Amino acid sequence: MSKAIQAVRGMNDVLPDSIGHWQHVERIARDLLHAYGYREIRFPLLEKTELYARSIGELTDIVEKEMYTFEDRNGDSLTLRPEGTAGCVRAGIEHGLLHNQQQRLWYLGPMFRHERPQKGRYRQFHQFGVEALGIPGPDVDAELVLLSARWWRALNLDGLTLEINSLGTPSVRAAYRENLVAYFESRRGELDEDSLRRLHRNPMRVLDSKNPAMQDVVSGAPSLADALDNESRAHFDQLLELLAGANVSFVVNPRLVRGLDYYTRTVFEWTTDRLGAQSTVCAGGRYDGLVEQLGGRPTPAAGFAIGLERLIELLAIQGAASQPHQPELFVAVAQPTAQAAALQLAERMRDAGWRVTCHCGGSSLKSQLKQADRSGARLALLLGEDELARGQVQVKDLRGAGEQWSVAAGELDGFLRERLEQR
RNA sequence: GUGAGCGUAGCUCAGUUGGUUAGAGUCCCGGAUUGUGAUUCCGGUUGUCGUGGGUUCGAGUCCCAUCGCUCACCCCA
């Protein structure tokens with residue numbers, strides 16, 4: 001035991017008993033994304049480190065201390081993707097998908113961040129990403145929000161709150177940031193330790209302070225909403241109107257900031273109070289400058305990402321049913337001499353379209369039926385020397401009182417269809 | 001990176017002020033039924049008590065270190 005190798009910290013196995021949730025969520029998502037005209041794109045888990053440094057921002061926590069970065073054998077610095085947007089945009093530029101075109105794209109896969117694991121936060125985690133590229137208006141922002149809202153409905157998930165805000169253009173943000181720092185500097189004596197640390201690093205986070213003693217300083221701070229340029233203001237107002245018109249309820253949260261530098265104008269988050277400290281299930285926004293920053297032509301863009309582990313944890317808390325893929329039939333053999341015939345019988349049943357588990361490995365009939373019961377199969381097919389001699393199969397109902405029928409091999413298909421297809 | 005809690009069988013856990021060979025349930029296997037599950041009864045297998053050191057006549061139990069897990073801070077999906 002002590003020699004057994006364990007998984008890397010923060011990287012989880014998904015075992016067969018819980019895979020049903022994953023498959024359920026993935027199936028619903030694929031249908032939904034296709035319904036909105038989004039197409040899947042796949043790109044590498046590994047990219048040049050520079051891609052993330054340039055897009056996410058050199059001074060963010062992700063780039064400064066959370067990336068899995070190493071040199072390959074050529075001496076190139078490579079990084080395991082900490083998020084999907086950068087790779088998606090890089091692929092789009094590289095293959096000319098963004099040249100005077102609109103693209104609606106989605107992807108699914110693992111992301112990697114070297115953080116201390118805790119509930120809802122892992123070093124390898126999975127995201128669904130949805131990106132709409134080449135479309136400038138608030139209408140596509142609204143489409144993304146509507147898509148996410150429909151996602152929750154499709155999963156029967158409730159209790160999520162939509163928070164939304166506008167960060168304006170990069171120059172508006174830079175100017176606001178300076179004002180904010182100046183304001184807090186003027187009241188420096190009232191700031192707590194946390195806030196002082198954030199002051200120059202990430203001044204907008206100071207507004208998030210949970211310290212009641214800070215409320216007075218925070219409420220007196222200049223507001224980003226007041227600083228917005230006219231176009232951003234209009235963009236945001238139109239978006240809110242579109243959402244209201246589509247009956248999506250939201251909370252404007254003027255303090256909502258995103259951790260990645262590339263966001264412009266719209267940012268939004270779907271949050272829950274049921275996941276401990278990690279409340280964000282889905283987050284995204286507009287990133288009009290990113291394509292150009294990564295070497296493409298100026299291209300407006302917006303998107304969001306959903307954390308799969310968090311989503312699945314929520315579904316589990318809500319007790320959402322996940323159907324495991326159980327066999328319909330279980331083939332058991334009474335004597336080892338019938339094993340070859342049993343394998344052939346199982347093959348014939350699969351030809352007919354049934355999900356079949358065939359007993360292998362030679363144990364008592366009693367134990368085989370026990371396995372048959374646990375497998376979840378509705379019917380057991382019994383084959384022994386007697387049945388072979390008479391050209392019959394015993395069919396036993398495992399879900400009822402244990403009724404059993406002797407069925408001629410030639411009539412088996414029809415018999416099973418009748419039994420299994422009722423309900 | 002910081003802090004707190006927890007590590008005993010595959011799983012869930014009990015284990016008294018330190019005292020014999022470390023237990024239960026579950027799971028798995030066999031039997032009661034020479035060919036019949038889920039219920040019942042009987043029997044059986046399962047352990048580096050996370051690891052290393054210390055105290056002691058004696059350590060699962062006390063002390064120290066270390067590793068792992070969990071939760072929280074920070075940050076984020």
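Let's start at G307: one of its polar backbone atoms sits 3.3 Å from a sugar or linking oxygen of RNA strand B. Keep in mind, everyone, that this is a predicted model.

In Q118, an N or O atom of the side chain is 3.3 Å from a phosphate oxygen of RNA strand B. R310 goes for a base instead: a side-chain N or O atom there is 2.7 Å from a base oxygen.

How many residues surround RNA strand B? There are 55, and R113, R121, R205, R374 and L398 are the closest. Of the RNA atoms that come within 4 Å of the protein, 54% belong to sugar and phosphate. The residues on this surface split into 23 charged, 19 polar and 13 nonpolar. Helix 14 contributes the most, with eight residues.

Next, salt bridges. The whole structure has 19 of them. One joins R399 to D373, with N and O 3.2 Å apart. D373 belongs to helix 14, while R399 is in the loop between strand 15 and strand 16, so this pair links parts 26 residues apart in sequence. Both ends are partly exposed: R399 has 40% relative accessibility, and D373 has a relative accessible area of 40%.

Another bridge pairs R265 with E231, at 3.6 Å between the closest N and O atoms. Here strand 9 is tied to helix 10, because R265 lies in the strand and E231 in the helix. Which end is buried, and which is exposed? R265 is buried at 15% relative accessibility, whereas E231 is exposed at 58%.

Notes:
Residues numbered from 1 in each chain as written. Chains lettered and ligands numbered in written order. Predicted model: local features only at pLDDT ≥ 70, side-chain atom pairs only at ≥ 80, totals over all residues. Heavy atoms only, no water. Near = heavy atom within 4 Å. Polar contact = N/O pair within 3.5 Å; in protein donor to acceptor, adjacent residues only side chain to side chain. Helix = DSSP H or I, 4+ residues; strand = E, 2+ residues; numbered from the N terminus. Nonpolar A, V, L, I, M, F, W, Y, C, P; charged D, E, K, R; others polar. Salt bridge = Lys/Arg side-chain N within 4 Å of Asp/Glu carboxyl O. Buried < 20%, exposed > 50% of the residue type's maximum accessible area, 1.4 Å probe, protein only.
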